[in-house]
Amino acid sequence: MKIGIFGGTFDPIHIGHIISVLEVKIAFGLDEVVFIPARQSPHKETMPTANKERTDMIKRAISGYEGFTMDTFELNREGKSFTYDTAKYLKAQYPDDELYFLMGTDQYENFDKWHNHDELIDIMNFIVMMRHSDDMEISAPFIRADQLVVEVSSTLVRTRIKEGLPYKHFLNEAVYEYIKENALYEA
Ligand code: ATP
């Protein structure tokens, strides 16, 4: 089987994530995509949203999409999480499958600074998902994906909520309801 791996802070998960990953899943014939929430950096501009709330929202957003699952490996670990450790863990989970790590161009540009990046390339394939503003060559073994893109970001969602402007259309309905019920991102 072909397994996609999609990491992010998902604070919150939005339709831009779902649309691009679903389009890549179709284009590359992935059987499954595993969403891997990262530990929120304490240096981000907003207070980190609790792991439970971010994972509750991911569960709601991926529910009903065949082959979409979540793994909380990085949230459950102590200390810094390297993609290399996550890749080794996933390879043990899926020993007979081909792994495809889905990354944005920001991550592609910094890849040579990643821990054990040479070994990482031997463990997984890498698909680089292009955004509208991206204009760069993608070199092998990285695979370029020109999937459908909706330019929503978590930052935009959080800003809209703070400013009291509409944001429902950026989210899965159940995620929208969850954010309202729990008064997330308002302060
Ligand atoms: P923030 O605005 O807080 O930086 P984000 O919307 O970029 O968040 P992340 O959780 O950091 O969300 O994203 C995880 C991955 O999803 C990253 O590789 C990012 O490039 C990609 N991504 C985010 N939004 C989109 C989108 N609208 N289309 C395609 N890929 C996206």
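**Reading a predicted model, residue by residue**

Visitor: How should I read burial here, and is Ala61 buried or exposed?

Guide: Ala61 is buried, because its relative accessible area is 2%, and the word buried means under 20% relative accessible area, with exposed over 50% and partly exposed in between (1.4 Å probe, protein chains only). Please keep in mind that this is a predicted model, in which local features need pLDDT of at least 70 and side-chain atom pairs count only at pLDDT 80 or more, while totals for chains, interfaces and linings use all residues. Residues are numbered from 1 along each chain as its sequence is written, and side-chain values use heavy atoms, with hydrogens and water left out.

Visitor: Which residues come nearest to the ligand?

Guide: A residue is near a molecule if one of its heavy atoms lies within 4 Å of it. There are 20 residues around the ligand, and Phe10, Val150, Val152, Ser154 and Thr155 come nearest. By the classes used here (Ala, Val, Leu, Ile, Met, Phe, Trp, Tyr, Cys and Pro nonpolar; Asp, Glu, Lys and Arg charged; the others, Gly among them, polar), the shell divides into four nonpolar, 12 polar and four charged residues.

Visitor: Which polar atoms lie 2.9 Å or 3.0 Å from atoms of the ligand?

Guide: A polar backbone atom of Phe10 is 2.9 Å from an oxygen atom of the ligand, and a polar side-chain atom of His17 lies 3.0 Å from a ligand oxygen atom. On the nitrogen side, a polar backbone atom of Val152 is 2.9 Å from a nitrogen atom of the ligand. The protein covers 87% of the 600 Å² of accessible area that the ligand has on its own. The elements giving two or more residues to the shell are β1 (2-8), α1 (15-28), α5 (105-109) and α7 (154-163).

Visitor: Where are the cis peptide bonds that involve Pro12 and Pro141?

Guide: The number to read is omega, which is about 5° for the cis bond joining Asp11 and Pro12, and Pro12 lies in the loop between β1 and α1. The bond from Ala140 to Pro141 is also cis, with omega near 5°, and Pro141 lies in the loop between β5 (125-129) and β6 (143-145).

Visitor: What is phi of Asn116, and what is phi of Tyr185?

Guide: Phi of Asn116 is near 55°, a positive value in a residue other than glycine; Asn116 is found in the loop between α5 and α6 (117-123) and counts as partly exposed, because its relative accessibility is 27%. Phi of Tyr185, another residue other than glycine, is positive and near 65°; Tyr185 is placed in the segment after α8 (173-181) and counts as buried at 11% relative accessibility.

Notes: Polar contact = N/O pair within 3.5 Å; in protein donor to acceptor, adjacent residues only side chain to side chain. Areas by Shrake-Rupley, 256 points an atom, 1.4 Å probe, with all protein chains shown as cover. Helix = DSSP H or I, 4+ residues; strand = E, 2+ residues; numbered from the N terminus.
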